[in-house]
Amino acid sequence: MRTSAGNLLPPAVNGTCELPANTTDFCQNAGDSRVNEVPFLGGNHLMFVREHNRIVRELRKVQPRWSSLKLYQEARKIIGALLQQVTYREFLPSILRKQDLEKHKLKLRNWGFSNSYNCSLNPGTKNVFNAAVFRFGHSLIPLDLAYLLYDFMSHLNSTPIESTFMNPHLLITKGGRRVSDLARFIVTSNSMKLDNQLEGAVRNRLFENKQGKGMDLGALNLARGRDHGLPPYNAWRKWCGLPVATSFSNLPDISDEKKAIFADLYSNVGDIDVFAGGIAETPLDGAAVGPLFSCIIGNQFRDLKDGDRYWYENRGVEGFTLGQLQQIRRVKLAKIICQNLGVDPIQRDVFHVPSPRNRWQRCRRLPGINFYYWRWT
Ligand code: HEM
């Protein structure tokens with residue numbers, strides 16, 4: 001895939017971000033226009049483009065006769081598999097309880113092919129998931145971004161997050177030489193707590209213009225839910241088989257303090273918006289989200305997996321061989337980050353900050369794919 005100098009993403013033809021005057025920075029081009037929304041999202045795009053190109057180089061060594069189209073398609077298939085694996089094996093366990101992962105059949109196999117495909121499931125994302133539930137991440141957004149240098153101690157260029165919206169400077173400056181400093185900062189920093197608090201940066205200053213007028217992401221989420229005609233919080237509780245609130249004083253999974261706020265803001269308990277109610281729930285023990293969001297997220301990811309005929313663990317003419325599948329199963333996100341963004345050492349589980357239970361590892365010691373298994377494809 002095309003990159004630009006410094007192994008960065010190619011520049012966008014039409015400016016899709018806001019650049020200060022007299023800068024050598026550029027807006028990045030990617031398959032999704034949100035690539036410029038915030039530098040760590042751009043960093044994710046960049047990482048997978050680099051990983052794609054790295055995989056193509058490796059495949060070419062074992063399959064020198066493959067056309068560039070065949071190389072592209074096989075690398076794309078492997079990237080798809082890695083994204084699925086990281087999501088289910090690393091990300092979901094960091095937000096859902098073990099018993100909910102089991103209940104929704106979200107656990108991946110360690111060996112062999114999967115036979116969980118169910119043609120009656122619809123793998124499309126549901127309106128409530130996009131327009132409300134999966135926006136829970138808006139409460140995790142950090143206050144600022146910075147560089148963390150090689151010594152893992154010195155912080156530089158701390159920048160309020162609102163100054164980085166639609167401005168890829170921190171990521172692409174100096175011909176990409178700062179990419180690893182930014183990535184090192186991100187993998188070692190805690191996100192904000194998952195709660196019903198959104199930082200001022202996104203509540204008042206989202207995409208702020210020159211006159212100092214910004215938007216409110218929380219309000220956008222609520223408006224989007226209504227605009228999409230989503231049923232209210234209580235209706236989704238019922239859908240999930242959870243007790244439904246009959247009055248503000250008996251909202252079952254919400255603290256007394258928040259019950260009072262809801263009573264102040266809504267005239268009827270049946271009107272509470274699903275986004276507002278869901279992020280106000282007290283997280284379940286061992287989870288980052290409360291019962292309602294656990295239910296809807298669990299359901300959605302079950303359908304995305306079991307409703308997908310091309311799920312990477314499935315057996316099929318289009319699928320991987322067993323040997324290839326076992327190679328893919330060796331890879332964790334830490335390996336993808338360290339190989340492509342130069343964070344070395346890195347903790348094994350990048351969804352948690354480094355600790356004695358989540359120790360640093362040298363990149364070369366983390367398992368990766370042996371492309372020898374693609375020799376007979
Ligand atoms: C600084 C970081 C972020 C910013 C500035 C941001 C901003 C936005 C904006 C402006 C929208 C569109 C709102 C609308 O008009 O309806 C949106 C949608 C959304 N965001 Fe975020 N967001 C960020 C991080 C996250 C995170 C961490 C998550 C989840 C883990 C997330 C999940 C979503 C989802 C699911 C949508 C709906 C997408 C769709 O329907 O296609 N966002 N975000």
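Is Arg226 buried or exposed? Select Arg226 to start: at 54% relative accessibility, Arg226 counts as exposed (buried is under 20% relative accessible area, exposed over 50%, partly exposed in between, with a 1.4 Å probe and protein chains only). The model is predicted, so local features need pLDDT of at least 70 and side-chain atom pairs count only at pLDDT 80 or more, while totals for chains, interfaces and linings use all residues. Residues are numbered from 1 along each chain as its sequence is written, and side-chain values use heavy atoms, with hydrogens and water left out.

**Helix 8**

Now select helix 8, residues 217-227 (helices are DSSP runs of H or I with at least four residues, strands are runs of E with at least two, both numbered from the N terminus). Leu217, Gly218, Asn221 and Gly225 are buried here. Seen down the helix axis, the buried residues of helix 8 fall within an arc of 110°, so they line one face (the arc is that of the directions from the helix axis to the C-beta atoms). On the other side, Arg226 and Asp227 are exposed. Show helix 4, helix 7 and helix 11 as well: they are among what covers the buried residues of helix 8 (contact means heavy atoms within 4.5 Å).

Just after helix 8, Gly229 has a positive phi of about 65°.

**Salt bridges**

Asp273 lies in the loop between helix 10 (256-265) and helix 11 (274-280) and Arg226 in helix 8, so the pair ties together parts 47 residues apart in sequence. Asp273 is buried, with a relative accessible area of 10%.

Next, select Glu313 and Arg329, whose side chains meet in a salt bridge at 3.0 Å, N to O. Glu313 is in the loop between helix 12 (291-306) and helix 13 (322-328), and Arg329 in the loop between helix 13 and helix 14 (333-341), so this pair joins parts 16 residues apart in sequence. Glu313 is buried at 1% relative accessibility, and Arg329 is buried at 9%.

**The iron atom**

Finally, select the iron atom of the ligand. Its only protein donor is His138, through NE2 at 2.1 Å (donors are N, O and S atoms within 2.8 Å of the metal, or 3.2 Å for Na, K and Ca; water is not among the atoms, so sites may look incomplete). His138 sits in the loop between helix 4 (127-131) and strand 1 (144-148).

How values were computed: A salt bridge is a side-chain nitrogen of Lys or Arg within 4 Å of a carboxyl oxygen of Asp or Glu.
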